[in-house]
Each structure stands twice: as C-alpha cells, then as structure tokens.
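Please read them with the structure open beside you.

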Amino acid sequence: MKMFEERILRDGKCLPGGVLKVDGFINHQMDPALMMSLARELARRFGDEPLDRVLTVEASGIAPAVLVGYLLGLPVVFAKKKSPSTMENALSARVRSFTKGRDYDVCLSRDFLHAGDRVLFIDDFLANGNAAQGMLELIGQAGASLAGMGFLIEKAFQPGGAMLREKGIRVESLARIESLDGGRIVFAR
C-alpha cells in the first residue's frame with residue numbers, strides 16, 4: 001500500500017490534537033479509483049474468511065464497506081447514528097467520536113444482522129477504537145460473530161489497534177501511522 005501512504009503524505013494534513021485530515025480523497029471528497037484499490041486490498045486480505053455480511057458505521061465507512069461487499073459478493077449493513085422512526089427491532093450502542101469529541105448512539109435493525117452471521121467490520125479510521133467497540137456490542141446483541149476488522153488508516157499511536165488485537169481480533173489496516181507530532185506524518189513499520 002505504498003501508493004496509499006504516498007497519497008496520505010501528499011494530500012493529508014495534520015491538525016492539532018492528533019487529527020489527520022484526509023477529506024480531499026477519503027471522507028468528504030472521494031477518489032473512486034483510490035477507494036476501489038483500497039477495497040480490493042481489504043477484500044484480498046479477508047477473502048479467505050467465511051463471511052455473511054459487511055458492517056460499517058455511517059458515514060465515512062460506507063464507501064469502502066460497499067466496495068468491499070461488492071468485491072466479496074456480500075450484503076453491506078451500516079449502523080446509523082440516529083434511529084429513524086421507521087426502524088423496527090433496533091439494536092443500539094453508545095459510541096464516542098474522537099474527532100467530534102462527543103457521544104452518540106448507533107443503531108441498526110435486527111432484520112439485517114442475524115444470529116450466527118459472520119461479520120467483517122470496515123471503517124475509514126481506527127484511533128481509540130470507540131466505533132469498533134460499539135460495533136462489537138451490536139454484533140454481540142445480534143448473536144452474530146466478528147470475523148475481523150479492516151481499516152483504511154490506523155493511528156497506531158492511539159490505543160484502539162492494540163486494544164482490539166489484545167482481544168484476539170484480526171485487525172487489518174492499510175496504512176498505520178506511528179506519529180503526527182510536529183505536523184509530520186510518520187508511518188509505522
């Protein structure tokens with residue numbers, strides 16, 4: 001994923017507080033060719049797993065999750081950040097947003113995540129692991145099981161990746177960032 005790291009170096013921006021801004025090509029404006037390349041790599045890494053569906057959380061995880069689901073021939077379910085009045089049989093969990101600095105509830109319908117399902121979680125970032133923890137809670141409530149988690153970017157200097165790996169979860173990150181100190185992006189090797 002050298003080309004992805006090069007793109008992050010070229011177009012990513014470091015903001016105070018450990019924030020990496022990639023909104024010009026990942027999570028506001030998207031580069032479809034790049035996103036498809038990243039999805040192909042995640043699909044390759046998880047292609048050996050028996051899977052029933054791909055799970056993500058709105059909004060920035062939807063694009064990579066849909067492409068991974070397409071490549072693996074799986075349905076994609078996304079947890080919503082606000083329960084619509086039309087949602088029945090809802091599962092819900094509380095999640096803390098690192099970038100927004102607030103808590104919110106995520107929910108999804110039991111109609112789309114079933115007991116016994118083998119689930120692949122895909123998201124754009126792994127930082128503190130809060131969204132991942134929320135998805136683990138939803139998966140558990142449904143009686144499904146987690147096959148693994150794939151992320152476009154992992155901030156390895158934050159605790160999320162280590163916490164998930166310590167739980168025995170298979171975590172695949174396409175770019176691992178060791179540091180954003182001094183406004184400089186340094187990749188973990």
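The points below take up the basis of the model, an annotated site, a strand residue and a pair of helices.

1. Basis of the model. This is a predicted model, in which local features need pLDDT of at least 70 and side-chain atom pairs count only at pLDDT 80 or more, while totals for chains, interfaces and linings use all residues. Residues are numbered from 1 along each chain as its sequence is written, and side-chain values use heavy atoms, with hydrogens and water left out.

2. The annotated site. An unreviewed UniProt entry carries the annotation "binding site" for A127, N128, G129, N130 and A131; UniProt positions are given in the numbering used here, feature names are shortened, and such annotations may be inferred rather than shown by experiment.

3. Two residues of that site. G129 sits in the loop between β7 (118–126) and α4 (130–142), whereas A131 belongs to helix α4 (helices are DSSP runs of H or I with at least four residues, strands are runs of E with at least two, and both are numbered from the N terminus). G129 is buried, at a relative accessible area of 5%, and A131 is buried too, at 19%, where buried means under 20% relative accessible area, exposed over 50% and partly exposed in between, with a 1.4 Å probe and protein chains only. Not counting residues up to four places away in sequence, G129 touches G160 and M163, and A131, on the like basis, is in contact with V57, V95 and D123; contact means heavy atoms within 4.5 Å.

4. A buried strand residue. L91, in strand β5 (residues 90–97), is buried with a relative accessible area of 1%. Its C-alpha atom is separated by 6.1 Å from that of S109, 18 residues apart along the chain. With neighbours within four places in sequence left aside, the contacts of L91 include V106, C107, L108 and R110, as well as L138, Q141 and A142.

5. The pair α2 and α3. The axes of helix α2 (residues 32–46) and helix α3 (residues 62–72) come within 9 Å and cross at roughly 55°, the axes being lines fitted to C-alpha atoms over the stretch in contact, with angles running from 0 to 180 degrees between N-to-C directions. The helices are therefore oblique to each other, since angles under 35 degrees count as roughly parallel, over 145 as roughly antiparallel, 65 to 115 as roughly perpendicular and the rest as oblique. The contact is made by M35, M36, A39, R40, L42 and A43 of α2 together with A63, P64, L67, V68, L71 and L72 of α3.
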